[in-house]
Amino acid sequence: MPDPFFSEIKYLGGANEDFIEVAVDAGTDVSDLVVTVYNANGSVRSSSNISVLTPTTVNGFDVYLIENGDATNFNGVALNNAVALSENGTVYQFLSFTDTPDPVTATAGPANGLTSTEIGEAPRGSSLETQDQGGSYFEQSDPDPDNVVCFANGTRIETDAGPVLVEDLHEGAMVRMLDGAFRPLRKILSRRFAQSTLATNAALWPVRISAGALGQNVPSRDIRVSRQHRMLVSSPITQRMFGRGDVLVAAIRLTDLPGVFVEEPDAPIEYFHLLFDDHEVIFADGAPSESFFLGPVALSRLPEESVEEIKCIFPDLTLPMQVEDSKHLIPNKKRQMRLVARHVRRNENLVSLR
């Protein structure tokens, strides 16, 4: 069984924005697994037993999310500090960040006497994430548990020829954009998941957004998208919170709304990536939603030949794309959650179509 590891760490932004993810093999007993946050002087800042948390199973791993206000003692990480993952005297990882003056040498707790390994740096709004079980870390500009980002089969996309099922679209189709223009679809990528795969990996289950759940007749009928696929939110609350009318929010953050929920598929499902010259907002059954965003995680999930083809089609595109490359603001996870909570509390529509 592989050792437990930190799958993602956000350490800069204050206790209310910081979080730590720990990944273990699905079904692993974590009763004695402890996350210890160390101060820069080596003393213990906080100690969290993750067994009080409920994991999300992703790609064969149980992922535990530690954040301020949960059932642990976590109160943030902070720039100059370090984090240790241990169990019954075994320290699996003791990590700190390269934008600090020095590594941290622990003077107490499970890592006592050890010096931290520096793994990189992430500015405010970003995190450090691993895809090789803790072997290395990269900056994740859109901190969030990883997932596929795309439309499910059966979704109708608005084109100059009217609504077209996403599985029937062709490259070159003229698709309606948020600004009312029609622009050509440059590339379609898809991936099909068998029922047997879906049955053992709930992270691949789609979010169903029921007709009218986001606003009046938005969407016009039920649609399914992957959990991390972002939908446009446009309302007076958005304007007050962010000083702009439109922001993008992951579908999984919308599940506090009536009529939005994660659905266990009863048949195979196929997800579609739609690529345009830019990161766009298009219409899926009347609901404004993003096109494929080629960030570092999305690129890492694509076959090498697909990445090379994308580079040929988009020679002027700098990859991977960063959050600031999006035409619309992508708030961090915490602010997305607050945005949705305010809409729920005030019973206000998330989308007011132009």
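## Close-up views of a predicted model

View 1. A word on the model before we go on: it is predicted, so local features need pLDDT of at least 70 and side-chain atom pairs count only at pLDDT 80 or more, while totals for chains, interfaces and linings use all residues. Residues are numbered from 1 along each chain as its sequence is written, and side-chain values use heavy atoms, with hydrogens and water left out.

**View 2. The largest nonpolar core.** A nonpolar core here is a set of buried Ala, Val, Leu, Ile, Met, Phe, Trp, Tyr and Cys residues joined through side-chain atoms within 4.5 Å; buried means under 20% relative accessible area, exposed over 50%, and partly exposed in between (1.4 Å probe, protein chains only). The largest core has 39 residues, and those touching the most other members are Ile-157, Ile-209, Leu-214, Leu-254 and Leu-274. Among the elements that give two or more residues to this core are strand S18 (207-209), helix H2 (236-242), strand S23 (269-275) and helix H5 (333-346). Helices (H or I, at least four residues) and strands (E, at least two) are DSSP runs, numbered from the N terminus. A second, separate core holds 24 residues, including Phe-6, Ile-50, Ile-119 and Leu-128.

**View 3. Strand S2 between its partners.** Strand S2 (residues 19-25) has six of its seven residues buried, so the rest of the structure largely encloses it. With strand S1 (residues 5-10), S2 pairs in the antiparallel sense over five bridges; two strands pair if DSSP finds at least two bridges between them. Look for Phe-5, whose bridge partner in S2 is Ala-23. S2 also pairs with strand S6 (residues 61-67), again in the antiparallel sense, over seven bridges. Here Val-24 stands opposite Asp-62 in S6.

View 4. Thr-36 sits in strand S3 (residues 33-38) and is buried, with a relative accessible area of 2%. Beyond four places in sequence, Thr-36 is in contact with Val-44, Ser-46, Ser-47, Ala-82, Val-83, Ala-84 and Pro-110. Ala-106 belongs to the loop between strand S8 (90-96) and strand S9 (117-118), and counts as buried at 2% relative accessibility. Ala-106 lies 63 residues from Ser-43 in sequence, yet their C-alpha atoms are 6.4 Å apart. Residues up to four places away aside, Ala-106 touches Tyr-38, Gly-42, Phe-94, Ala-111, Asn-112, Gly-113 and Leu-114.

**View 5. Salt bridges.** Twelve salt bridges turn up in a search of the whole structure, each a side-chain nitrogen of Lys or Arg within 4 Å of a carboxyl oxygen of Asp or Glu. Glu-17 bridges to Lys-10, with closest N and O atoms 3.6 Å apart, and both residues are buried. Asp-179 and Arg-183 meet at 2.7 Å, N to O; Asp-179 is exposed at 52% relative accessible area, whereas Arg-183 is partly exposed at 26%. The side chains of Arg-208 and Glu-263 come together at 2.5 Å, N to O. Arg-208 lies in strand S18 and Glu-263 in the loop between strand S22 (260-262) and S23, so this pair ties together parts 55 residues apart in sequence. Glu-263 is buried, at 17% relative accessible area. Finally, Arg-156, Arg-221 and Asp-285 are linked in a network of salt bridges.

Methods. Contact means heavy atoms within 4.5 Å.
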